[in-house]
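Work through the following exercises with the model open beside you, and try each task before you read its solution.

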Amino acid sequence: MHGRERERRAVLELFQAAGPGAGGVLLLDGGFGTGKSRFLAEVVATATERGFGAAVGQAEAFGGLVPMAPLLAAFDEPSSEAIDSPVVLVERLRARAEALAGIRPVLVALDDLQWADPATLMALRTLQRQLSALPIVWLLARSTCVRRTEAERLFALMEGEGAGRVELGPLPADAVAELIAGFLPAPPSRELSELAAGAAGNPLLLTELLAGLRDEESLQVVGGQTRLVSGRLPERLVRAVTRCLDGLSGPARQVVETAAVLGRAFSPEDVADVLGRTPAGLLLAVQEAIDADILLGTTDVLVFQQDILRKAVLQMLPPPLLQALHHQIGGILLERGGPAMEAAHLLVGGHDGYSRTLARLDQAVDDLLADAPEAAAAVALRAMNLTADHTPQRLARTLRAARAMTEAGRLAEVVELVTQALIQPLQPSGTAQLRSVLAATLLLGGKAADAAREAEQALTAADLSRQARDEARMAMLQAQAGAYVGEQVVRQAEAVLGEPDHHADALLVTATTLLAVASWEAGRLAEGIGLAREAVRRAGAGSAAARRTHPRLALASMLLDAGRLDEARAVLRAAREEVEALGHTAWTAGPALLSARLQLAAHHPAEAVDAAEAGLLAADALGTHLFSAVGAAVLGAAALRRGDLREAAAQVEGEHARLACYAGSQGSVRCALLAAQVMEAQGHPRRAMASLAGVYPMIERNRALLVLDPTTAAWLVRLALRVDDRPRAEAVTTAIEKLAGDNPDVVLAAAAAAHARGLLDGDVESLSAAVGLAADAYARASAREDLGVALAPMARADEAISTFTDALAGYQATGAARDAARVRSRLRLLGVRHRHWVRNDHAKLGWDSLTGTENSVARLVAQGMTNRQVAQQMFISAHTVAFHLRQIFRKLDIGSRVDLTRFVVEEDRLHDRSQRSQD
């Protein structure tokens with residue numbers, strides 16, 4: 001009775017009520033595959049265990065030749081050679097039942113009463129009434145797949161007289177999960193989970209699917225998940241569905257098979273048109289399929305209750321017939337002018353030479369692209385492959401397919417497709433168009449330099465159409481927006497905006513976005529934000545192609561740098577909704593990775609890491625690495641703040657950090673700054689300074705780099721002073737002060753300028769002003785720490801201690817464990833000790849017994865660090881590290897660093913497994 005607790009309770013209540021002078025009736029309805037017969041068998045077994053006598057019978061589809069056969073078999077009453085009258089048979093059965101009930105309670109269980117002959121149903125009605133005072137429990141079951149008026153009438157009468165009634169529906173979700181787990185050697189992959197979900201909780205379909213996949217060796221464990229290795233449904237599932245369809249009349253089966261080709265949801269009008277009938281002429285057949293629990297009626301359409309049943313029906317149809325049906329349906333829908341549906345069917349049913357069909361498919365791609373690029377890509381590829389080589393139509397369809405595939409995020413396929421097409425002899429205009437598409441694809445893949453080269457080559461063609469030239473210009477401007485925007489590119493954008501009537505909406509939005517970036521980089525922050533808002537407005541009022549340029553992402557990035565987090569959050573939410581509404585898969589990673597930046601700026605490091613990892617996974621899956629360096633910078637910054645220098649270094653030196661548009665892009669600068677911070681934290685300030693040799697000069701022409709983070713300017717000044725490079729410290733201070741002066745409304749810049757000046761001059765007043773101006777909690781803590789450093793040598797120890805204490809609280813509140821440890825070290829030098837661990841009052845041994853400090857020590861030692869290196873990272877003494885290490889060994893019952901490393905690795909593996917199971 002797996003997942004049938006409610007139904008089981010109803011049966012047990014009936015058993016408990018049975019006794020002298022009392023029986024009961026329970027009516028059981030079960031649709032196809034709901035496990036009715038198995039449930040009945042288990043009820044009989046339970047009744048026998050409880051001391052009941054069992055009278056079990058089953059009606060058969062062709063058993064009507066022997067009147068009352070199910071009852072006679074149940075009570076072990078032989079039928080005589082002479083045909084007895086119904087009255088005689090009922091009397092014999094009544095006497096037999098009374099005799100059995102006189103010994104002990106009796107369960108009469110009769111299955112498949114939908115096939116029962118009228119005499120059996122009449123006898124049931126009579127016997128139940130005559131024997132109602134005896135301890136007899138009647139469990140009467142029928143399948144709803146087959147409707148018989150007589151059986152329905154009997155069940156309705158008995159229910160009206162007080163009989164209980166239960167219907168076996170789909171299994172609940174927990175029972176489905178338990179059933180799946182029992183079949184599989186490892187958790188299912190997403191593809192397998194989605195396939196199993198198509199059974200909609202139907203026990204038979206689910207069991208036949210899983211058992212069939214296992215028996216046919218169509219499953220394989222890869223990466224800790226059970227994955228499909230075959231696209232076909234198992235034969236035992238198909239046979240089960242065939243048995244279900246065999247119970248339907250011819251017209252009902254024809255409706256089901258035709259509807260399966262139309263899709264999971266379909267309209268009765270479509271079925272009627274394909275079958276050459278009217279909707280009214282299908283009423284009985286459709287109702288039969290609904291009664292059989294195959295179809296479900298909704299407000300607007302009919303739906304298959306189990307999509308896996310529909311897929312099995314499709315697999316049952318001979319391929320030539322299936323293809324012919326697709327083509328027939330496509331032709332009908334073509335006449336109606338419905339491109340999306342026609343494409344879905346002609347995609348399978350198309351044939352070479354159908355020029356009219358191909359022309360309609362071209363229109364379908366254009367219509368689908370705005371909202372469903374994946375579907376558009378599939379249709380476009382089909383149309384292209386059905387077109388002969390070396391024809392103008394082939395080039396046009398190749399371009400259409402490449403654009404749709406780019407929008408759908410299938411970048412690697414686009415590069416291969418376009419590269420192969422460029423090998424063919426083409427007119428210069430055709431080559432230019434292909435290069436424009438390739439440029440857009442390379443840009444999304446994070447290869448802006450390559451994209452710019454392709455766009456430049458495209459623009460050299462003399463006979464480009466206006467549309468083709470606009471596409472090439474747009475690819476060029478988008479590629480240039482990824483790095484520092486020079487005067488020449490600004491002039492190009494201004495020229496485009498100077499002739500708005502001569503250019504497409506998408507190019508106008510791109511040009512406006514580029515000017516916004518140029519203004520931002522020049523230090524005119526308010527102007528940059530204003531132009532970015534104008535680009536968003538233009539996109540919203542323009543075409544679908546204009547909206548697909550996604551200027552909100554540039555606006556959100558500016559708002560984040562300006563510290564306007566609430567506005568940035570609203571813009572990112574709108575950007576994410578726009579990407580989803582447009583079905584623009586290629587841009588999925590953008591909002592996700594910028595959201596990770598937002599979470600880090602809001603000092604939610606755990607949420608930032610989750611969002612960054614999710615965004616990078618999407619980028620890796622799609623090959624869209626335009627924002628990958630941003631994700632790497634977020635992960636690296638989070639690791640640095642918590643003191644995991646190895647992880648921070650791995651992020652800024654890894655593949656995602658290298659996937660930046662240009663060496664001067666914001667993403668690459670973030671990673672360069674973070675890499676230098678890691679070097680400085682590891683005790684190599686001069687190496688850090690050398691690594692920034694290319695960044696300091698950039699600040700002169702791109703002052704906005706100083707607000708990539710609220711503490712960027714202060715850190716650059718501090719590093720320069722540490723290596724005795726005062727000229728660079730002065731250059732940074734001058735740049736941030738000019739930025740603050742030019743943007744009085746940007747409080748973040750004013751705070752950064754005061755902080756930088758205070759560090760450069762050792763000025764307590766400027767550092768105090770930075771503390772008061774800083775709206776960001778981490779920047780405020782940083783300014784307080786530097787203020788404390790300035791106060792300590794001035795014989796103002798009490799003020800320094802108070803300032804350091806406030807800085808410590810600020811760092812702790814923002815999850816900056818490494819910075820907090822450094823401030824504790826400063827306080828210890830002033831004679832103040834702050835406890836920086838939390839006692840675990842629950843576990844005494846094992847990993848959970850470690851304090852926060854012990855946990856950090858364990859992880860650093862597991863990375864291969866010596867006690868002295870750990871001490872430097874945690875700002876404690878080597879003797880203290882040794883003490884903590886002895887405590888760790890004792891609590892974990894281990895004796896060496898090797899054992900500790902294994903323990904940490906295993907703990908992380910268990911944690912990752914737990915996280916995956918929760919996801």
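**Exercise 1.** Determine which handedness the β-α-β unit made by β3, α5 and β4 has.

*Solution.* Begin with the two strands of this predicted model, β3 and β4, which pair in the parallel sense over 5 bridges. Taken together, β3, α5 and β4 form a β-α-β unit that is right-handed.

**Exercise 2.** Work out in which order the 5 strands of the open sheet are arranged, and find which strands stand at the edges.

*Solution.* The strands of this open sheet follow the order β2-β3-β4-β1-β5, and their pairing is parallel. Reading that order from its ends, we meet β2 (53-58) and β5 (164-168), and because each has a single partner strand, one side of each is left without a neighbour in the sheet. From one strand to the next, the twist averages 15 degrees. The partner of β2 is β3 (residues 106-111), to which 6 bridges join β2 in parallel, and here V56 stands opposite A109. Helix α2, residues 36-49, also packs on the sheet, where it touches β1 (24-30), β2, β3, β4 (136-143) and β5, and its direction makes about 170 degrees with that of β3.

**Exercise 3.** Decide whether the residues of β4 are mostly covered or uncovered, and sort them by the way they point.

*Solution.* First consider the pairing with β1, which is joined to β4 by 7 bridges and runs parallel to β4; within this pairing, R142 is the bridge partner of D29. Then count the buried residues: 8 of the 8 residues in β4 are buried, and the strand is thus mostly covered.

**Exercise 4.** Classify S436 as buried or exposed, and list the residues that are in contact with S436 when its neighbours within four places in sequence are left aside.

*Solution.* Locate S436 in helix α21, which covers residues 428-444. Its relative accessible area is 4%, and since buried means under 20%, S436 is buried. With the neighbours within four places in sequence left aside, S436 is in contact with A458, A468, E471, A472 and A475.

Note on methods: Residues are numbered from 1 along each chain as its sequence is written. This is a predicted model: local features need pLDDT of at least 70, side-chain atom pairs count only at pLDDT 80 or more; totals for chains, interfaces and linings use all residues. Side-chain values use heavy atoms; hydrogens and water are left out. Two strands pair if DSSP finds at least two bridges between them. Helices (H or I, at least four residues) and strands (E, at least two) are DSSP runs, numbered from the N terminus. Axes are lines fitted to C-alpha atoms, for helices over the stretch in contact, and angles run from 0 to 180 degrees between N-to-C directions. Contact means heavy atoms within 4.5 Å. Buried means under 20% relative accessible area, exposed over 50%, partly exposed in between (1.4 Å probe, protein chains only). A crossover is right-handed if, with the strands pointing away from the viewer, the path from the first strand over the helix to the second runs clockwise.
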